[in-house]
Amino acid sequence: MTAGGHRPPLQLCYTAAANVHMLKRLSIVSLVLIFLITTSSHATTVLRLNLEDLVKKANRIVVGRISDSRTFWSDNGKLILTSYTIEVGETIKGQASRTVELTTVGGRVGDLVLHVSGMPSFAQGEDAVVFIENSGSYSTVVGMGQGKFTVTNGEVSNNVTGLAFPDGRPGKPLKLPLDNFKSQIKQLVGL
């Protein structure tokens, strides 16, 4: 202390520098905690769609097998997109064709990966029933994971993990025999 009861200027600078350093450390720790909390609970909020809603919204409904995929940057360079080619075995609604190209948001380009919670992805050789709508210049899945039904051992099931709904209730995946599922869709389409 000086004769007037004040700290020397050097000590004030040291105290201020220590406080700034402590604030920086707390800020970094807080940001890391916020990041960990928010990334562990991510879900994409979408409208809840029942089978009738999926049928109404879909321009096309196809049963087919995934034969090819390619991942690329969107035209504006801001999103990674993946396009899948579906070899169509049956068209339940919409214009019939031998193949359909379907595009989703997400995928890997080099070392960069974009994952969107609730966005469906497809595996090469996978059999699926897909509800398709037009979104700009692309065809995509209606209702994200709600509109993609994987076919396994004569049954269909969808995956609604990663989706949140405005009413706060969790999504319930649908699982039933493929023939029953197709019959329900055809009845809703009016076939």
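Analyst: A pocket here is an open set of grid points with protein on both sides within 12 Å along at least five of seven lines, and a lining residue has an atom within 4 Å of a point. The model is predicted.

Take the second largest pocket. Its volume is about 230 Å³. It has 14 lining residues. Nearest its centre are Met119, Pro120, Ser121, Gly145 and Asn159. By class, the lining holds eleven polar residues, two nonpolar and one charged.

Start with the loop between strand S8 (138–141) and S9, where Met144 lies. The phi of Met144 is positive, about 55 degrees, although Met144 is not a glycine. Most residues other than glycine have a negative phi. Met144 has 13% relative accessibility; the cut-off for buried is under 20%, so Met144 counts as buried.

Now the loop between S9 and S10. Asn153 sits there. Asn153 also has a positive phi without being a glycine, at about 50 degrees. Asn153 has a relative accessible area of 79%, and the cut-off for exposed is over 50%, so Asn153 is exposed.

The largest nonpolar core has 18 residues. Ile61, Val129, Phe131, Phe149, Val156, Phe181 and Ile185 have the most contacts inside this core. S9 supplies at least two of its residues, as do helix H2 (51–57), strand S2 (60–73), strand S7 (127–135) and helix H3 (178–189). In soluble globular proteins, nonpolar side chains tend to be buried together.

Val129 gives a view of the packing. Leaving aside neighbours within four places in sequence, its contacts include Gly147, Lys148, Phe149, Val151 and Val156. Val129 also touches Ile61, Val62 and Val63. Leu178, Phe181 and Ile185 are on the list too.

The largest pocket has a volume of about 270 Å³. It is lined by 15 residues, and Arg48, Leu49, Asn50, Gln146 and Lys172 are the closest to its centre. Its lining divides into eight nonpolar, four polar and three charged residues.

Past H3 comes a segment that holds Gly190. Gly190 has 61% relative accessibility; over 50% is the cut-off, so Gly190 counts as exposed. The C-alpha atom of Gly190 is 9.7 Å from that of Lys93, although 97 residues part the two along the chain.

Last, the whole chain. It has 191 residues, and 31% of them count as buried. Three helices and twelve strands make up its list of elements. Among contacts between residues at least 6 apart in sequence, 58% join residues at least 24 apart. The chain exposes about 12,100 Å², of which carbon and sulfur atoms supply 56%.

Technical notes: Residues numbered from 1 in each chain as written. Predicted model: local features only at pLDDT ≥ 70, side-chain atom pairs only at ≥ 80, totals over all residues. Heavy atoms only, no water. 1 Å grid on protein atoms, 1.4 Å probe; cavity = no way out; pocket = protein on both sides within 12 Å on 5 of 7 lines; lining within 4 Å. Points joined across faces, edges and corners; volume = space filled by probe spheres on them. Nonpolar A, V, L, I, M, F, W, Y, C, P; charged D, E, K, R; others polar. Core = buried A, V, L, I, M, F, W, Y, C linked by side-chain atoms within 4.5 Å. Buried < 20%, exposed > 50% of the residue type's maximum accessible area, 1.4 Å probe, protein only. Helix = DSSP H or I, 4+ residues; strand = E, 2+ residues; numbered from the N terminus. Contact = heavy atoms within 4.5 Å. Areas by Shrake-Rupley, 256 points an atom, 1.4 Å probe, with all protein chains shown as cover.
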